[in-house]
Amino acid sequence: MIEYLIKPGNLLKAGFSYLEASVTGKADLKGMPLSVSAELTNTCNLNCPQCFSGSGLMTRKRGFMDIELYKKVMKELSPYLYNANLYFQGEPMLHPLFFSFIGIPTTVHSVVSTNGHFLSEKNSEKLVRSPLSRLIVSLDGIDQNTYSTYRINGNITDVTAGLKNLAIAKKRHKSSLKIEIQFLVNSINENQIEQVRQFAKSVNALLRLKSMQIINRAEIGSWLPSGRRFRRYRMIEGEYVSKNRLPDRCARLWFNPVITWDGKVVPCCFDKNAEYVMGDLNNESFREIWDGPKFRIFRKSILSGRHMIEMCRDCTSGLRGVEY
């Protein structure tokens, strides 16, 4: 009975801790995170121009997470977590032990995001029969020309065929796996939203329309769609800047840390190049890092001057009126 009270109890402690910090400006922390992202790999088969992994802007070493490290972390964290994202940078299905990762029994809802190039009939069968809760598949266009403008080296036929494989396998096994198509709205593909919506219906998938993070400032103007709800940036004095006014608070630092493939803990999903390492799980427990001095100092810096931290300048936490 006590085990069933741990998650809601931790939710209350973490939530109160964040609210208290937002009001007082003190970086006190109570509880453990509610969600975690684990990067199975930062390698990818595509070269998307506004992605750190695909564009070549990532300077950290490439590699694959050790499954024993993941098991160790989840053993410590699963009593507290509601959600585990098995992705960060890169394509998680490239991991040689991908199906071993998603097959680990857990009480935590698990989510994978993929570019959809590995959804063969066999893999689709494995996915719908696994403990995975949700699969996000990126589809940023409905024809090869439009799709490959952003998903460079991608093949839309492989992705759409893969989504159909998933739909068939899910129906056959009466699977509860949620399939979500993610569509990054930009100036090239915004005229295809309705077509993608119809395709999503045909494969019984949810559709999420999302604004793009554009890491190359010089190219923002060429990617921005006309629809305001999908534009993260605005022009001020001849320069594109984020619409986010960056209030001095951020729930991600109380709820949603990220673990890179090599066991580094970073504050959130906007630290794509792991420039703000809070600790190393190869040498420390997660709790030691989560409650440690580096994390406390970083949380304090967010509460006193978030706009001064480089990785926060593209953050969507606190951004209103924009899909992200």
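## Helix α3

Asp66 caps the N-terminal end of helix α3. One of the side-chain oxygens of Asp66 lies 2.8 Å from the backbone nitrogen of Glu68. The model is a predicted one, and the values here are computed from it.

Helix α3 covers residues 67-77. Ile67, Leu69, Tyr70, Val73, Met74 and Leu77 are buried there. Viewed down the helix axis, these buried residues of α3 fall within an arc of 150°, so they line one face of the helix. An α-helix has 3.6 residues a turn, so residues three or four places apart point the same way. What does the buried side of α3 pack against? Its partners are strands β1 (35-38), β2 (83-85) and β9 (258-259), together with helices α4 (98-102) and α11 (286-290).

## Strand β1 and its partners

Strand β1 is one of the elements that α3 packs against. Ser35 and Ser37 point one way from β1. Val36 and Ala38 point the other way. All four residues are buried. In a regular strand the side chains alternate between the two faces of the sheet.

Which strands pair with β1? One is β2, in the parallel sense, over three bridges. Here Ser35 stands opposite Asn83 in β2. Another is β9, also parallel, joined to β1 by two bridges. Here Ala38 stands opposite Ile259 in β9.

## The protein as a whole

The protein has twelve helices and eleven strands. The radius of gyration is 20 Å, close to the 20 Å that the globule rule gives for 324 residues, so the protein is as compact as a globular protein of that length. Along its principal axes, the C-alpha trace spans about 55 × 50 × 35 Å.

Of the 324 residues, 53% count as buried. Among contacts between residues at least 6 apart in sequence, 68% join residues at least 24 apart.

## The nonpolar core

The largest nonpolar core has 87 residues. Which residues have the most contacts inside it? They are Leu127, Leu135, Leu163, Leu166 and Ile181.

Take Leu163. Apart from neighbours within four places in sequence, Leu163 is in contact with Leu119, Val137, Leu139, Ile179, Ile181, Phe199 and Val203. Ile181 is itself among the core residues with the most contacts. Phe199 leads on to helix α8, where it is one of the buried residues.

## Helix α8

Helix α8 spans residues 193-202. Its buried residues are Ile193, Val196, Phe199 and Ala200. Seen down the axis of α8, they fall within an arc of 120°, so they line one face of the helix. Among the elements that cover them are helix α7 (156-173) and strands β5 (178-185) and β6 (206-211).

After α8 comes Asn204. The phi of Asn204 is positive, near 55°.

## Two buried asparagines

Asn186 sits in the loop between β5 and α8. Is it buried or exposed? Asn186 counts as buried because its relative accessibility is 1%. A polar atom of the Asn186 side chain lies 2.8 Å from the backbone nitrogen of Ile188. Not counting residues up to four places away in sequence, Asn186 touches Met212, Trp223 and Pro225.

Asn273 lies in another loop, between β10 (264-266) and β11 (279-280). Asn273 is buried too, with a relative accessible area of 9%. Its side chain reaches the backbone nitrogen of Arg60 at 3.5 Å. Leaving aside neighbours within four places in sequence, Asn273 is in contact with Phe52, Leu57, Met58, Thr59 and Arg60.

## His307

His307 lies in the segment after helix α12 (293-305).

Arg245 is 62 residues from His307 along the chain, and their C-alpha atoms are separated by 8.2 Å. Apart from neighbours within four places in sequence, His307 is in contact with Leu246 and Arg313.

Methods
Residues are numbered from 1 along each chain as its sequence is written. This is a predicted model: local features need pLDDT of at least 70, side-chain atom pairs count only at pLDDT 80 or more; totals for chains, interfaces and linings use all residues. Side-chain values use heavy atoms; hydrogens and water are left out. A nonpolar core is a set of buried Ala, Val, Leu, Ile, Met, Phe, Trp, Tyr and Cys residues joined through side-chain atoms within 4.5 Å. Buried means under 20% relative accessible area, exposed over 50%, partly exposed in between (1.4 Å probe, protein chains only). Contact means heavy atoms within 4.5 Å. The arc is that of the directions from the helix axis to the C-beta atoms. A polar contact is a pair of N or O atoms within 3.5 Å; within protein, one must be able to donate a hydrogen and the other to accept it, and residues adjacent in sequence count only if both atoms are side-chain atoms. Two strands pair if DSSP finds at least two bridges between them. The radius of gyration is taken over C-alpha atoms; the globule rule is 2.2 Å times the number of residues to the power 0.38.
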